[in-house]
Amino acid sequence: MTTYHLRVNGREHAVDTDPDTPLLYVLRNELQLDGAKFGCGLGQCGACTVTLDGAAVMSCMVPVATVGSRPVGTVEGLGSAKVPGVLQQAFIDEQAAQCGYCIAGMIMRATSLLAHNAAPSDAEIRKHMMPNLCRCGTHMRILRAVRRAADTLKAGGAHAASGKTGGKA
Ligand code: FES
Ligand code: FES
């Protein structure tokens, strides 16, 4: 066991665990941040996607020992049920969730896109979102939600990838 100091959604946490423990397990089991989901555990579905230093990563494939001081962002850092973030609101408005299992990962992957590309084309959105899978098949609604969030931001809405996101804050 080693103690790791993690910065998640802008808050510091000390976690005692083994170096190979996936970041996903630390988030869910130690920090009770269960937005990121376990899907395949093999880096193939994206249900576990969070941001690490602003980039989308599949947290089931990230050993906690490799995180270091890089900030981690999870869907919990974007907003709340009462005050959703821009991306969260866009996913609600487009009714993008069916079962919802993939959605936190989808939102975090989109967060990394909008943090680095404020005006993505539809082709860029599609390419960026490609690694994440939705078993319910709501991909078209998910793409529309990301488009809606990008358009909201362009129109002067709150920045989806700053503030409470836990990205490069
Ligand atoms: S659970 Fe991490 S990619 Fe599927
Ligand atoms: S909404 Fe069910 S897996 Fe995407």
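The model is predicted: local features need pLDDT of at least 70, side-chain atom pairs count only at pLDDT 80 or more, and totals for chains, interfaces and linings use all residues. Residues are numbered from 1 along each chain as its sequence is written, chains are lettered from A and ligands numbered from 1 in the order in which they are written, and side-chain values use heavy atoms, without hydrogens and water.

**Exercise 1. Describe how α4 packs on α5.**

Step 1. Locate the helices. Helix α4 spans residues 122-129 and helix α5 spans residues 139-154. Helices are DSSP runs of H or I with at least four residues, strands are E runs of at least two, and both are numbered from the N terminus.

Step 2. Take the geometry. Two packed helices are described by the angle between their axes and the distance between the axes. The axes of α4 and α5 come within 10 Å and cross at roughly 120°. That makes α4 oblique to α5. Axes are lines fitted to C-alpha atoms, for helices over the stretch in contact, and angles run from 0 to 180 degrees between N-to-C directions. Under 35 degrees is roughly parallel, over 145 roughly antiparallel, 65 to 115 roughly perpendicular, and the rest oblique.

Step 3. Assign the hand. The α4 and α5 crossing is right-handed. In a right-handed crossing the near helix is turned clockwise from the far one by less than a right angle; anticlockwise is left-handed.

Step 4. List the contacts (heavy atoms within 4.5 Å). From α4 come D122, I125, R126 and M129; from α5 come M140, I142, L143, V146 and R147. The contact residues divide into 6 nonpolar, no polar and 3 charged. Ala, Val, Leu, Ile, Met, Phe, Trp, Tyr, Cys and Pro count as nonpolar, Asp, Glu, Lys and Arg as charged, and the others, Gly among them, as polar.

**Exercise 2. Characterise α2 and its contact with α5.**

Step 1. Find the buried residues (under 20% relative accessible area; exposed is over 50%, partly exposed in between; 1.4 Å probe, protein chains only). In α2, residues 86-93, they are V86, L87, Q88, A90 and F91. These pack against α3 (103-116) and α5.

Step 2. Take the geometry. The α2 and α5 axes come within 8 Å and cross at roughly 135°. The two helices are therefore oblique to each other. Their crossing is right-handed.

Step 3. List the contacts. V86, L87, A90, F91 and D93 of α2 meet I142, A145, V146, R148, A149, T152 and L153 of α5.

**Exercise 3. Which residues have a positive phi near 50° or of about 55°?**

Step 1. Recall the background. Most residues other than glycine have a negative phi.

Step 2. Check the loops. N9 has a positive phi near 50° and sits between β1 (2-8) and β2 (11-17). Q32, with phi about 55°, lies in the loop between α1 (23-30) and β3 (49-52). Q32 is exposed at 55% relative accessible area.

Step 3. Check after α2. Q95 follows α2, with a positive phi near 50°.

**Exercise 4. Is A47 buried or exposed, and what does A47 contact?**

Step 1. Judge burial. A47 has 5% relative accessible area, so it is buried.

Step 2. Find its contacts. Leaving aside neighbours within four places in sequence, A47 touches A36, K37, G39, Y101 and G105. A47 and C102 are 55 residues apart in sequence, yet 4.9 Å apart C-alpha to C-alpha.
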